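Student: I'd like to learn how to read a model like this one, feature by feature. Can we go through it together?

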Amino acid sequence: MNILVTGGAGFIGSNFVFHMLKEHPTYRVVCLDALTYAGNLSTLEPVMENGNFKFVKGDITDRELVEKLFKEEKFDFVVNFAAESHVDRSIEDPGIFLKTNILGTQVLMDASRKYGVKRFHQVSTDEVYGDLPLDRPDLFFTEETPIHTSSPYSASKASADLLVQAYHRTFGLPITISRCSNNYGPYHFPEKLIPLMISRALNDENLPVYGKGENVRDWLYVGDHCTAIDLILHKGKEGEVYNIGGHNEKTNLDVVKAILNELEKPESLITYVKDRAGHDMRYAIDPSKTRKELGWEPTTLFDEGIKETIKWYLDNRSWWENIISGDYKDYYVKMYGDR
Ligand code: NAD
């Protein structure tokens, strides 16, 4: 099996590369990544010398490069993680989200059709379903929940999902789509809630929490997301959408307090900042189809996963310190002020 993993120098993609090389030692894994601000080649250092792994620097919207790669490699599976992924950035500048997330997906699917890929898997998000009210804890997103997006990010991911389904219906491209809840774990870029709070708390800096911190997210350890995608690739039915989530709902404030508690830092570090425009209130995934049809079960409880994640950030300080000292510093000041 020869697998293309796009966006493999990012958070979930890199964890997936590690997972596939470990769980399928006979598979070859090629990573295509443009190394945007969110991609980090040092993340892939542990596998750079692995004979079954190859890194290619390139943009998924570059049709010529993509076609050449597909022609040379004759991929069996394509797993598309490559995306602009940060909601706040999509509010600042939506254009690149449309280009990478929608047009990039089209370029990959055209090459997949042309070179007879056996499965094109699109990594999507629960954010395509919009949000749920806080006072209806009985409601969950199923695969039948209508698409109803809030941010330019979620609209670009939903657009790509629709295009992927259209390529299946119109051209018979063998596709699957997964829609996962919020992930956390090692190699998560420190602009996202959990690594942002860990890295700032470790430096005794203020922790910016949007609004009152009441927004609810459904957290899943990244390793559990990787096992689900692996199962979907091998056992999932062509043309189907699979929801992935671990029923781990927490308010943002609860998550921040759990991190402070684990690091033995004071809650006085919390600073409430102006809420994000269009901020979704609650995400909650119903993963029963994926569980029943594929036998998938998440294995990492939030309390254990957050401890492991904090330990990783403690043990790998140089990884995130390099990131937060660069261009990212200017971005942080722009978003939250110089606090
Ligand atoms: P990330 O931002 O950490 O990584 C994205 C990677 O894609 C980076 O390595 C970046 O360099 C690369 N990339 C960006 N534009 C590219 C382009 N034009 N060509 C090639 N490579 C490009 O993102 P992530 O959090 O790992 O998310 C990966 C995927 O999973 C995304 O599609 C996202 O929508 C989806 N997803 C994320 C979450 C989450 O909680 N993080 C949850 C559900 C779904």
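Student: How many bridges join strand 6 to strand 10?

Tutor: First, some ground rules: this is a predicted model, so local features need pLDDT of at least 70 and side-chain atom pairs count only at pLDDT 80 or more, while totals for chains, interfaces and linings use all residues. Residues are numbered from 1 along each chain as its sequence is written, and side-chain values use heavy atoms, with hydrogens and water left out. Helices (H or I, at least four residues) and strands (E, at least two) are DSSP runs, numbered from the N terminus, and two strands pair if DSSP finds at least two bridges between them. Here, strand 6 (residues 175–180) and strand 10 run parallel and are joined by four bridges. Ile 177 sits opposite Val 241 of strand 10.

Student: Which residues of strand 10 are buried on its two faces?

Tutor: Buried means under 20% relative accessible area, exposed means over 50%, and partly exposed is in between (1.4 Å probe, protein chains only). In strand 10 (residues 241–244), Val 241 and Asn 243 are buried on one side, and Tyr 242 and Ile 244 are buried on the other.

Student: What is the strand order in the open sheet of three strands?

Tutor: The order is 7-9-11, and the pairing is mixed. Strand 7 (182–184) and strand 11 (249–251) each have a single partner strand, so they are the edges, with one side of each left without a neighbour in the sheet. From one strand to the next, the twist averages 50 degrees. Strand 7 pairs with strand 9 (residues 216–221) in the parallel sense, over three bridges, and Asn 182 has Trp 219 of strand 9 as its bridge partner.

Student: How do I read a helix pair?

Tutor: Two packed helices are described by the angle between their axes and the distance between the axes. Axes are lines fitted to C-alpha atoms, for helices over the stretch in contact, and angles run from 0 to 180 degrees between N-to-C directions. Helix 10 (residues 302–315) and helix 11 (residues 317–324) pack at about 75 degrees, with axes 5 Å apart. That makes the two roughly perpendicular (65 to 115 degrees; under 35 is roughly parallel, over 145 roughly antiparallel, the rest oblique). Contact means heavy atoms within 4.5 Å, and here it involves Trp 312, Tyr 313, Leu 314 and Asp 315 of helix 10 with Arg 317, Trp 319 and Trp 320 of helix 11.

Student: Which residues have the most contacts inside the largest nonpolar core?

Tutor: A nonpolar core is a set of buried Ala, Val, Leu, Ile, Met, Phe, Trp, Tyr and Cys residues joined through side-chain atoms within 4.5 Å. The largest has 65 residues, and Phe 16, Leu 44, Phe 53, Ile 194 and Ile 259 have the most contacts inside it. Helix 1 (residues 11–23) gives the most to this core, with seven residues.
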